[in-house]
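Dear colleague,

Please find the structure below, together with the sequence. My notes on its backbone geometry follow.

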Amino acid sequence: MTQMHLRNQNNWVAALAALLLVAGCGDGGDTAVTGDATASTDVNGGDVSVIDDTGGGSTDAGGGGADADTSGGGTDADTSGGGTDADTSGGGTDADTSGGEDADTGGGDLCPGAAYCECKSNSDCDQGYCIEGPNGGNVCAETCVESCTEAGYECKLVNFPGNPDPVNLCVPAGGKLCNPCKASTECTGLGDGSAACVDNGDAGSFCGSTCTSNDGCSVGYECKDVKTIEGKDVKQCIPKDGALCTCSAAAIAKELSTICYTGAGEAKCEGARTCLAAGKQGAPAGGGLSACLAPDPKQETCNALDDDCDGETDESTCDDDNPCTEDACDGLNGCKTTNKAGACDADGSECTKDDACKDGKCVAGAKVECDDNNPCTADSCDKEKGCVYTNDDGKGCNADDNLCTQNDACKEGKCEPGETKACASEDQCVTGNCNIIDGACKYTFQEAQACNDGNPCTTGEKCTGDACKGTPTVCDDLNPCTADSCDKTKGCIHTNVPGPCTDGNECTEQDACDEGKCKGKLADEAVKCNDNNDCTKDSCDAIKGCQNVPQTGTTCDDANVCTVGDSCDAGVCKSGTNTCSCTADSDCAKNDDGNLCNGTLFCDKSAVPYQCKVNPATIVKCDTSKDTFCAATQCTPSTGKCDVVKKPEGTICDADQSLCTKDDQCKEGVCTPGEKLACDDKNGCTDDVCDPKEGCKFIANTAPCDADNDACTENDVCLEKSCTAGQTKVCDDGEACTEDSCDTADGSCKAKNLSKSCDDGNACTEGDKCGDVGGKWTCVAGIGPDCDDKNPCTKDSCDKTNGCTNTNDDTATVPCYSGDPATKGKGICAEGVQKCAAGKLGACEGEVLPLKEETCGNSKDDTCNGQTDEGCKPTSYEARFGSAVVTGKVKGGNTEYDARMFVGGSATGGESKGTKNTARFGFYEWVSSLLGGK
């Protein structure tokens with residue numbers, strides 16, 4: 001077989017050499033090559049097109065010899081009946097032995113014709129049935145009853161083409177299950193005429209097999225309701241649990257494929273998934289189903305293709321974002337742009353009006369003047385919203401032309417009248433009224449009008465003379481145990497003080513102040529109120545004090561032992577019956593009581609009978625002129641002498657007639673002063689002293705003090721026994737970005753940093769905010785205003801006081817170009833310049849625009865499309881075939897060729913005008929063109 005192939009090839013080359021000699025003298029016409037790789041070139045401006053005809057030529061399955069057919073391409077020798085096939089369509093050698101020598105598919109010595117032997121038609125099989133095998137080729141079918149002798153086959157009743165009656169044949173198990181498919185007709189087969197192509201979405205479509213339940217499906221498959229690629233609902237066996245289909249040997253041999261998609265949403269690009277043998281381009285390791293081989297969606301360009309796979313072609317690909325041009329895509333001819341007129345938006349701002357297209361550019365119109373003639377709105381223009389009228393609440397205005405209303409102010413965008421001018425006076429004794437004629441206040445003093453001086457230490461205030469005056473508030477609580485004062489803030493203050501006092505109970509003694517109350521000790525009334533008169537009843541009344549009530553009829557003793565039946569009469573002891581008669585004084589001595597102080601008895605002879613009576617002259621009377629409370633002179637009964645008797649130690653007394661000592665008491669008969677009284681009302685605004693007659697006194701002073709325990713008030717001072725706060729300390733660092741305060745604890749000034757907007761006083765900054773500048777918290781300048789008025793003929797600047805300024809600049813120029821922007825700077829095309837005058841641009845000067853057609857032979861790009869002399873006749877030609885080169889020059893319509901040729905790859909080159917180039921690749925097509933063929 002190899003010798004035959006080489007022999008045919010030698011003859012083939014010889015024929016080629018002869019043809020080349022014939023073609024040496026051409027007439028300048030078309031040269032074309034068609035077949036395995038063909039090339040056709042028209043050097044006079046004809047077509048050159050590319051047609052894929054690789055491996056072409058006709059195949060003759062009927063004979064066994066070599067058949068060379070040049071009608072479609074290269075040499076194609078098919079020995080399908082046992083011959084040899086040599087194909088040199090690409091310059092190589094292709095040997096096809098299908099059905100030829102050493103072909104044994106399982107029939108052994110019985111092949112050809114036996115079951116499972118390869119076949120091409122029914123006549124090749126002993127039993128007359130040639131079917132598609134599981135590995136892609138055709139094999140002879142085995143007739144059966146229930147089972148098959150070959151593994152991988154199953155016995156099924158099939159309607160075989162050409163047979164009037166169904167027949168039991170062994171067919172591949174599973175039929176075409178899981179084959180990639182594009183239509184359900186590709187899935188039907190012998191024994192399964194209802195198999196369908198199941199739609200698996202973007203992953204592609206794959207064959208199922210007919211079923212009614214899982215029992216009818218092979219292992220690893222399940223019977224499910226699915227939708228076919230045609231959109232019908234059917235039941236089919238498909239891989240379990242959504243598993244992917246795998247390629248069968250037959251699918252790989254036939255390289256079956258299905259349509260798939262890449263991308264997402266509407267942007268999906270169509271591709272193919274193919275069952276490929278191992279080593280084939282795009283095949284997975286070991287062979288099998290390829291990934292979806294499809295282009296990824298990409299940005300749409302003007303090329304007559306759907307680049308982004310969204311179902312539309314060349315949409316929006318030529319939009320240059322210029323509202324003043326009409327953009328269109330002309331397929332392979334590219335984008336076309338045409339200037340248009342009309343309204344546009346030059347600056348994206350609502351603050352200009354009548355923006356319009358001019359020479360393909362959007363030119364800004366005049367500035368919008370925002371003024372709603374309302375004094376209560378702040379008028380401004382926002383680039384996005386246009387005129388903005390913001391309520392300027394709080395702004396002063398004039399609502400009613402009434403001079404007696406004041407502080408008219410804007411509220412919710414309207415000017416509202418303020419409060420009536422009250423002509424208020426800080427002096428409450430003065431009443432003011434507004435004169436509507438001139439708006440002036442008239443003030444009148446209100447004599448005797450009740451007022452309030454704000455001082456709780458005065459009461460009954462009235463407007464008197466020129467001020468509010470009152471009488472001092474009486475703070476005396478009639479309690480001797482409190483020091484009474486008045487505080488201008490708190491009013492009356494009653495401070496507990498010590499000292500002697502009277503508790504109002506005449507039956508107590510040693511009264512003294514205790515925690516603001518006068519308390520005394522209850523006295524023994526038998527001692528306190530004893531008047532040494534038997535004819536009085538001694539008692540003590542808390543209000544009246546000691547009571548000595550005269551008694552009548554009660555017994556008493558008149559100090560005369562000689563009388564009996566003495567009785568009281570109205571508080572006086574009346575002697576009773578005298579039982580002692582006498583004739584002389586000696587008769588009475590025996591009846592004397594022995595008390596030498598109350599007198600001795602004598603015989604009173606002034607009346608008969610004589611009676612013993614007390615001699616008044618013998619009654620001892622002591623001198624008590626020098627008696628004290630603690631020491632009294634008394635007569636001693638046994639001696640009848642006057643002796644000094646001291647009161648018990650500790651008896652309360654008054655040593656110095658002064659209320660400034662307390663607890664005076666008797667010591668060895670002398671009244672000794674006690675400790676000095678401590679006068680302290682706990683009020684720093686009084687000087688505390690003690691008056692011997694009045695006791696503690698608290699005199700107002702003007703000493704410095706602390707009225708409010710606040711170090712941020714200064715010069716607090718005592719006034720009228722009260723501490724009055726002084727002036728508040730002012731803390732101000734002069735910085736608007738800080739909040740100043742005073743520390744009440746130590747009086748130091750503190751500044752709190754504020755994060756807020758501020759004004760640095762510079763009109764060339766906007767959005768000033770408080771921040772840190774070199775360690776100092778102050779107003780930080782914002783970004784300057786945009787002073788660009790979009791006019792290239794003005795110098796834009798900013799003045800710190802006046803803000804933006806725009807002055808005409810007649811020296812400025814602007815480049816211009818009125819042609820298609822895509823042509824600017826290409827070929828002869830060049831931009832011009834516009835000069836400024838009086839703040840406006842002049843006409844475009846010096847620009848060079850593209851010509852409508854090329855000027856041939858000047859080697860310039862006159863149309864500015866990036867090509868030179870396109871459309872002009874060619875001046876040279878070159879074609880390359882493998883290692884051979886055909887060249888020629890046009891001379892008066894005649895072409896000379898110098899050719900060397902080798903079967904292999906081909907290349908052409910040349911220029912033509914007005915038509916497209918055509919190239920056909922293939923050896924025989926080229927030879928045919930040399931001989932004058934098409």
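In these notes, a residue is called buried under 20% relative accessible area, exposed over 50%, and partly exposed in between, with a 1.4 Å probe and protein chains only. By that definition asparagine 715 is exposed, with a relative accessible area of 63%.

This is a predicted model, in which local features need pLDDT of at least 70, side-chain atom pairs count only at pLDDT 80 or more, and totals for chains, interfaces and linings use all residues. Residues are numbered from 1 along each chain as its sequence is written, and side-chain values use heavy atoms, with hydrogens and water left out.

Most residues other than glycine have a negative phi, and most peptide bonds are trans. The following sites depart from that pattern.

Positive phi: Asparagine 715, although not a glycine, has a positive phi of about 65 degrees. It sits in the loop between strand S49 (713-714) and strand S50 (717-719); strands (E, at least two residues) and helices (H or I, at least four) are DSSP runs, numbered from the N terminus. Aspartate 354, also not a glycine, has a positive phi of about 60 degrees. Its place is the loop between strand S17 (352-353) and strand S18 (356-358), and aspartate 354 counts as exposed at 66% relative accessibility.

Cis peptide bonds: Cysteine 111 and proline 112 are joined by a cis peptide bond, with omega about -5 degrees. Proline 112 belongs to the loop between strand S2 (40-41) and strand S3 (130-132). A cis bond also runs from valine 608 to proline 609, where omega is near -10 degrees. Proline 609 is found in the loop between strand S39 (601-604) and strand S40 (611-614).

With kind regards
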